[in-house]
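Please keep the sequence and the model in view while reading.

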Amino acid sequence: MTEIEQLLARVAAKAHSTHPWGWTSLPEPVDAAAPARAEAALGFPLPPLLTELYLRIGDGGFGPEYGLLPLLDGPPSGEPAAVVQYLANRESGRKDPDWPWPEGVLPISHWGCAMYACVDCLAPEATVLLFEPNADTSDHAWYVDAPSLEHWLHTWVEGTGWYEETNDDMDLAPWTDFRIRTARAS
């Protein structure tokens, strides 16, 4: 069994035994065509590990805090789907250039207070970012939550994420690529 297979098994076990706020049960996984539909709507590919989470574990409803967002359709928890949220954030960023939303940064989990964990789908390692819009400017609203989606999942399964009570003194590094990724072409 590969390391990724082992991680998926650990995530599945925790997903079946715990439910984030607002979820009464783990939704069924998405159908085989859903990732392709999501990619067509987004205009970029999903990271392979993220695709496997949706195909093999569930259409959201597991993970830290409010759990993974569903991929395409709204869940019973009332959270918007990841694709819908991304498209809305991009549109909002076009209307308010002071708060642009970076291309390829897919919100995958809601933390509350308008904060999201997001996967940088354009980064080879699928960096997980924290969007914290309660900052004074958009330049100060983005942090690196985990260097990769794989690492982010490990921290959830092992209970070692910054959001755990025992780790409340952890500082996240700013995402320095924010301005590069949101610069407008001249």
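Trp111 lies in strand β1; helices (H or I, at least four residues) and strands (E, at least two) are DSSP runs, numbered from the N terminus. The model is a predicted one, in which local features need pLDDT of at least 70 and side-chain atom pairs count only at pLDDT 80 or more, while totals for chains, interfaces and linings use all residues. Residues are numbered from 1 along each chain as its sequence is written, and side-chain values use heavy atoms, with hydrogens and water left out.

With a relative accessible area of 9%, Trp111 is buried; buried means under 20% relative accessible area, exposed over 50%, and partly exposed in between (1.4 Å probe, protein chains only). Pro64 is 47 residues from Trp111 in sequence, and their C-alpha atoms are 8.1 Å apart in space.

The loop between β1 (105-112) and β2 (115-120) contains Cys113, and Ala114 lies in that loop too. Most residues other than glycine have a negative phi. Cys113, however, has a positive phi near 55°, and phi of Ala114 is positive as well, near 70°. Cys113 counts as exposed because its relative accessibility is 62%, whereas Ala114, at 40%, is partly exposed.

Where does the model bring aromatic rings together? The structure holds nine aromatic pairs. Rings of Phe, Tyr and Trp (its six-membered ring) pair if their centres lie within 6.5 Å; planes under 30 degrees apart count as stacked, over 60 as edge-to-face and the rest as tilted. Trp101 and Trp142 form an edge-to-face pair, with 4.8 Å between centres and 65° between planes. Trp101 lies in the loop between α4 (82-95) and β1, and Trp142 in strand β4 (residues 142-146), so the pair ties together parts 41 residues apart in sequence. Trp101 is buried at 6% relative accessibility, and Trp142 is buried at 1%. Ring pairs link Trp99, Trp101, Phe131, Trp142, Trp175 and Phe178 into a cluster.

Helix α3 (residues 48-56) packs against helix α5 (residues 149-158) at an angle of about 50°, with the axes 9 Å apart. Axes are lines fitted to C-alpha atoms, for helices over the stretch in contact, and angles run from 0 to 180 degrees between N-to-C directions. The two helices, α3 and α5, are therefore oblique to each other; angles under 35 degrees count as roughly parallel, over 145 as roughly antiparallel, 65 to 115 as roughly perpendicular and the rest as oblique. Leu49, Leu50 and Leu53 of α3 meet Leu149, Glu150 and Leu153 of α5, where contact means heavy atoms within 4.5 Å.
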